[in-house]
Amino acid sequence: MSTRILLAGNPNAGKTTLFNALTGLRMRTGNFHGTTVEWKSGTLRLPGQKSSSRGAEPDAVEILDLPGIYSLKAATPEEAVAAEVLTGHNPDFPTADAVVAVVDASNLDRNLFLVSQLAECGKPMILAVTMLDVAREAGIRVDLDRLSERMNCPVIPLNIPKNQGVDLLQDQICQWNQMHFTGVPLPYKPTEESLCGAGCSSCPFSRRFTWSEQLAAEVVRTQHVARSRSTDRLDEVLTHPLWGVLAFLGVMTLLFALIFAVAEIPMALIEVLFGWIADTAATVLPDNDFGSLLSDGILTGVGNVVVFLPQILILFFFLALLEDTGYLSRAAFVMDRLMRKVGLPGTAFVPMVSGHACAIPAIMSTRVIENARDRLATILVLPLMSCAARIPVYVILIRLLFPNQPLLAALAFTGAYVLGVGAALGSAYLLKKTILPGESKPLLLELPAYKTPGIGNAGMHAYEKGLTFLKQAGTIILLISMALWALSTYPKSEPPESVLALRMQAEQSDSPDELLAAADREEARHAIEHSFAGRMARGIEPVVRPLGFDGRIGLGILSSFAAREVIVSTLSIVYGLGEEGEEDEVLLVDTLRQARHPDGRPVFTRPASWSLLVFYVLAMQCLPTQVVTRSETGSWKWPLLQLGYMSTLAYIASFLVYQTLSLL
Amino acid sequence: MNDIRHTSVPLSHLVKGACGLICAVENKDELARLQSMGVCIGRRVEVIKPGDPLILRVFGARIGLSARMAEHVQVEPCSKAPRCWEVSV
């Protein structure tokens, strides 16, 4: 049986950095059963072993990274889970052999408080002391020998960026069963009750605080006291009710612009690459259902999954950097007062801004929100933010509405974004008044000292999130893409007369290419209109008619469930431009403007275009987002609610817009 | 209880730089969260920045705390709260 070592410590004590240094890339992640608390487990990298050699050796040492906590009082899900694991009551990790307690030397008394609780659990313990350089700068020297003597356990000083002490700690961990552990001498008796976070009648907290303060006082030698003035000065600005909010908006705009600008390159590359693979596959594979399934169904589906990765990686990389600097808790601090008015906590703001790039990483980033109610409310309203996939749709519709009027077009664009944000805040308020009653959890968080972030950690964090996405959502998104492909492909229909006529003409013509292309476009149009999706669209036509839409727009809306921007290529196909029509925006807009109902009225009138624009701002049309909502909330109930309320909202709003504008 | 009431004030009433000794935490719902962060009877706190939310120094860390919660923490105003080792050395 392998050994399991727990890594425990306060948030911001350097636990993640240590975990990465100890295990490298040899790790797995997941959620503790029945919670959204994440665990990370890795195999200890032994000296001389390559980090790439995978596989569980019989004598492997597993390192389990517990969530960062301040105590074992079970006040938060993180603390509850940590207490369970330490006492052997966790179903996922029923045993634990020893504890490595990560202790921040610059804040020893507070960190020792948690250590006192860890010690009460009676497991062999090693103290890993981090941030010694930060402490030294602040004039604090820690007598490590004395600490080791008083704690009755090994104490290892670490400087992970300089790779000092990690080898020593690894050796110590490997010898854990040779440690003659007799327990940490605590001046108070850990009773059954106080052990690992049970109730507190005569406040063992106070005794633990006193113990940790006394111990810290005993082992700390100070030359001069230099409180972190720079942090206080920065905080003057960054937590100011006005300047703080402005600074935060600036930082988020920058982050948002970065995600947009940087992610576009790999996303375009992925789309080109998968398009090329699919095209190549189409020429190699037999021209039958199987070939079509492989190239159009599976390959496109895989592309639909992978295309989210750049945004996920970039967002989490920069968020981890920001968090590491200590800034993110200030952001939550300044936004808390404003967000609380609609029943959301300050921590919800960063995910909500990120939602403007893509709802999927944004929903994944709501894990920073401590309270389950607040987190759920945030997830439910997040897809109302105008994500990047809506932009191509906005562009087409706004061009239809305001040709050659750049100022009005820009205003309409801004209006679409404002409508999304307003709808999200309004919905959050309604949720608070209805199914998710109560106030958001009042703010209580540590504002750590500012420091330079670690690039490596941020990279690891992004990598983990990417893996989580592929594992938890990838397969389902792939299946959904395939199902949508099948809906728009089957049943197959015979090419209509007009296509055959065009092909006949082409055979007799000197320049047949154009005629053949026209025949292909006509065939594609006919095929999709006679597919299941096309039939469904005709079925929903009476439902969408009050919004000013016809069956073709209905088909576009249905096809959008794979990804919102798909409506552009669908419209391009149903209006006879073929799949490539979406690349020529001007041509597509012109074609749409010429589009007529059977009775000769134009399809894309002003009321109908406005109505469709509002519909795209508000409707929940992204199945991948729904899959991620499911994996983050643990139940299909919430994505269904999301789909239900957003569709209702979109329908009512579009109805009002269309009917009102038609009257004018 | 009565004499505590006479000398104690809600934490949210302290001005910038003022210190207090916590003598009661009346917020039952958030008691555990507050205790974990060191806002617990017998601890000294210093207000770094009053307002809503406010910033405290307690037990060696800066804590951001909503005024709503600070109203339910009773403190006795006291002299500056030095770090533990600053008194002992």
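Student: Which residues have the most contacts inside the largest nonpolar core?

Tutor: In this predicted model, they are A:Ala101, A:Val103, A:Leu127 and A:Ala128, in a core of 207 residues. Helix α11 (residues 309-325) of chain A gives the largest share of this core, twelve residues.

Student: What makes A:Leu127 a contact of A:Ala101?

Tutor: Contact requires C-beta atoms, placed from the backbone, within 7 Å. A:Leu127 is listed as in contact with A:Ala101, so their C-beta atoms lie within that cut-off. Leaving aside neighbours within four places in sequence, the contacts of A:Ala101 also include A:Ala8, A:Gly9 and A:Val115.

Student: Let's turn to the chains. Why are β10 of chain A and β5(B) called paired?

Tutor: Pairing needs at least two bridges found by DSSP. Strand β10 (residues 444-446) of chain A and β5(B) have three bridges, so they count as paired, in the antiparallel sense. As for partners, A:Glu446 is bridged to B:Ile63 in β5(B).

Student: How many residues does each chain bring to the contact?

Tutor: Chain B brings 32 residues and chain A brings 30 residues. On the chain B side, β5 (61-65) is one of the elements that supply at least two residues each, and α2 (31-36) and β3 (44-49) are also among them. By class, that side has 16 nonpolar, eight polar and eight charged residues.

Student: And what is the secondary structure of chain B?

Tutor: Chain B has four helices and six strands, in the order α-β-β-α-β-β-β-α-β-α from the N terminus. Of its 89 residues, 45% count as buried.

Key
Residues numbered from 1 in each chain as written. Chains lettered and ligands numbered in written order. Predicted model: local features only at pLDDT ≥ 70, side-chain atom pairs only at ≥ 80, totals over all residues. Contact = placed C-beta atoms within 7 Å. Nonpolar A, V, L, I, M, F, W, Y, C, P; charged D, E, K, R; others polar. Core = buried A, V, L, I, M, F, W, Y, C linked by C-beta atoms within 7 Å. Buried ≥ 20, exposed ≤ 12 C-beta atoms within 10 Å, placed from the backbone.
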